[in-house]
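Visitor: I'm new to this one, could you walk me through it?
Guide: Gladly, here it is.

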Amino acid sequence: MSNTLSDITVKLNVETPSVPVNMGNLALFVKGDKQNVEGFNSYEDLQKVYGSNDLVKQVANGYFSQDDHGNKLFVITYTDVATAATAFYGEGWEFATVIPGVKVVTPSENTGDQNKEKEAVTVDTTNDLADTVALSNFIDGKKERFAVVGLPATNENVEKIADTKKAFGNSPRTILFVSGANQAEAAYGIGGLVGAVGNETVGSVTWKFRQIGGVKPVDLTVTQIQKLHESNAFTYVTKASLDQTSEGKTLSGEFIDALHGDDWVKASLETELQRLLSNSSKITFDAAGIAQIDATVTAVLTTATNNGIISVNPETNAGEFTVTTASRAQSSEEDIAQRNYTGLKFSYTRSGAIHTVKVNGQINI
């Protein structure tokens, strides 16, 4: 993906009318005295380092408590959110959230003991929203990955939900999940949501109807839940005796699974084309070499179809995608001289999902 060492550039243009690893990994951005990144494979490992930071522990506990969580959780300490996000963009996280109300102080600058647990100091929370919006804006600018915001399911937060959404500018890449009775429970909900759904085979699940271990259904009225949905936030409810997420959209109204599928296609193409170039003795700039590139892209889009990202043509049972390549004769002399192939294009139709059903029945007497 972007900001990583790669010879491949993949651009996706989405026309509205119509498995790499790490697609479920979560990054926690925590204010600190310096910029740093650490990766953790278990809740116990994280607790040894961030045991005094309750909100970090809550998110991590929610994340690692899910059966199919991603393989790693990152803690990124920052002095400036966008700078840290840029510096550590290549770490392999797909989802990110800002932890409010604390500042991490490293032991080396206080005690000189590197093995001591990092100290979490309560700080002024005035800039927490600004930092969260900054992370959201950074991710929107990248046009990939997701910012996740958690709010407690209080009457006050429901009443202010339109203003909260407004602060993020109708972000297409920000998820607003309302759960729990307080900030700690909301933090657990963030980790639980990403841990439960983010690492499932991309394309195989929608983010609505998902069950999250350890998250309780909210004590909100139907009218309040509808108010959340009007702002494209969602929550955790009980339907047909099953606890589940009430929706699965970003703040712009885009469905999370559709955008996650686009991210998967982009990351897969970058990975597989780079692998083709790196593992081949030589990809010749002729029909044979171009055919190899075509075959690699077709294979990725076929897998995307099988996973449920791309729609299936009912007549052919093949994915509704196209791959076109320009020949050497159709390429510019400059591209040939620079060994830069720009002649491949592809398009696909998202599979979508069914979220509501309307049934018309007839009773005969």
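Guide: One term to begin with: buried means under 20% relative accessible area, exposed over 50%, and partly exposed in between, with a 1.4 Å probe and protein chains only. This is a predicted model, where local features need pLDDT of at least 70, side-chain atom pairs count only at pLDDT 80 or more, and totals for chains, interfaces and linings use all residues. Residues are numbered from 1 along each chain as its sequence is written, and side-chain values use heavy atoms, with hydrogens and water left out.

Visitor: OK, which residues are buried on each side of strand 1?
Guide: Leu26, Leu28, Val30 and Gly32 are buried on one side, and Ala27, Phe29 and Lys31 are buried on the other. Strands (E, at least two residues) and helices (H or I, at least four) are DSSP runs, numbered from the N terminus.

Visitor: And which way does strand 1 pair with strand 3?
Guide: Strand 1 and strand 3, residues 73-78, are parallel and share six bridges, where pairing requires that DSSP finds at least two bridges between two strands. Within that pair, leucine 26 has leucine 73 as its bridge partner.

Visitor: Switching topic, is serine 171 buried or exposed?
Guide: Serine 171 is buried, with a relative accessible area of 0%, and sits in the loop between helix 6 (161-167) and strand 7 (174-178).

Visitor: What does serine 171 touch, then?
Guide: Leaving out residues up to four places away in sequence, serine 171 touches Ser136, Asp140, Thr250, Leu251 and Ser252, contact being heavy atoms within 4.5 Å.
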